[in-house]
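Biologist: Can you walk me through this model? I'd like to start with the core.

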Amino acid sequence: MTDCPCGSKIVTEECCGPIIDGAPAPTAEALMRSRYTAFTLKNLDHIENTHASAIRKEFNRSAAQTVVNDSAWKGLEIREVVDGGINDQVGTVEFVTHFERGDENFTHHELASFRKENNLWVYVDGKMNPRSNPRQVEKIGRNEPCPCGSGKKYKKCCGS
């Protein structure tokens, strides 16, 4: 028994294995992890069967076969999960996969969308290399009250 390739530190037979074998994924993240594990195990049936019905016909099995045959999978990193829980109908999972092809290391960064169809989680689409929102910085005028709460002007307190 080995740890699941998805990085959960749980054995495959108790983690992604049952989902790949046909058990319903309880969450969008669980489906995402099982899809990564299916890539590492070269199980393209699971990848194809977990596409949303609207995009399933677009699945290019020969291209996917080339990817799984030519890649050595090095890890999955889940960055953020929004919704996609047991009682949700939609959710997103931002993830990064690490893999090697030939002598080169690669990363695949995606914001994947999932939804339930017939009460089963399916992959809808993904946005490659998503960018987070720019950080907003509020400028404080020199004569404004200091935000630290001292009651002094900013220029005489934290702004000096």
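Biologist: Which residues touch the most other members of the largest nonpolar core?

Modeller: Cys-6, Cys-16, Met-32 and Phe-114, in a core of 25 residues. A nonpolar core here is a set of buried Ala, Val, Leu, Ile, Met, Phe, Trp, Tyr and Cys residues joined through side-chain atoms within 4.5 Å. Buried means under 20% relative accessible area, exposed over 50%, and partly exposed in between, with a 1.4 Å probe and protein chains only.

Biologist: And what should I know about the model and numbering?

Modeller: The model is predicted: local features need pLDDT of at least 70, side-chain atom pairs count only at pLDDT 80 or more, and totals for chains, interfaces and linings use all residues. Residues are numbered from 1 along each chain as its sequence is written, and side-chain values use heavy atoms, with hydrogens and water left out.

Biologist: What does Phe-114 touch?

Modeller: Residues up to four places away in sequence aside, its contacts include Met-32, Arg-35, Val-93, Trp-121 and Tyr-123. Contact means heavy atoms within 4.5 Å. Phe-114 is also the bridge partner, in β3, of Gly-91.

Biologist: Now the sheet. What is the strand order?

Modeller: β1-β2-β3-β4, in an open sheet with antiparallel pairing. β1 and β4 are the edge strands, each pairing on one side only. The twist averages 30 degrees from one strand to the next. Two strands pair if DSSP finds at least two bridges between them.

Biologist: How many bridges join β1 and β2?

Modeller: 10, between residues 72-83 and residues 90-101. One of the pairs is Gly-75 with His-98 in β2. The two strands form a hairpin with six residues between them. Gly-84, in that turn, has a positive phi of about 80 degrees.

Biologist: And how many between β2 and β3?

Modeller: 12, again antiparallel, with β3 spanning residues 104-117. This hairpin has two residues between its strands, and Gly-102 in the turn has a positive phi of about 65 degrees. Arg-101 has Glu-104 in β3 as its bridge partner.

Biologist: Which strands does α2 lie across?

Modeller: β1, β2, β3 and β4. α2 runs at about 170 degrees to β1. Axes are lines fitted to C-alpha atoms, for helices over the stretch in contact, and angles run from 0 to 180 degrees between N-to-C directions.

Biologist: What about Cys-148, buried or partly exposed?

Modeller: Partly exposed, at 48% relative accessibility. The closest cysteine sulfur to its own is in Cys-146, 3.5 Å away and too far for a bond.

Biologist: Last one. Where is His-51?

Modeller: In the loop between α3 (44-49) and α4 (53-56). His-51 counts as buried because its relative accessibility is 8%. Leaving aside neighbours within four places in sequence, its contacts are Arg-35, Arg-56, Phe-59, Val-122 and Tyr-123.

Technical notes. Helix = DSSP H or I, 4+ residues; strand = E, 2+ residues; numbered from the N terminus. Disulfide = S-S within 2.5 Å.
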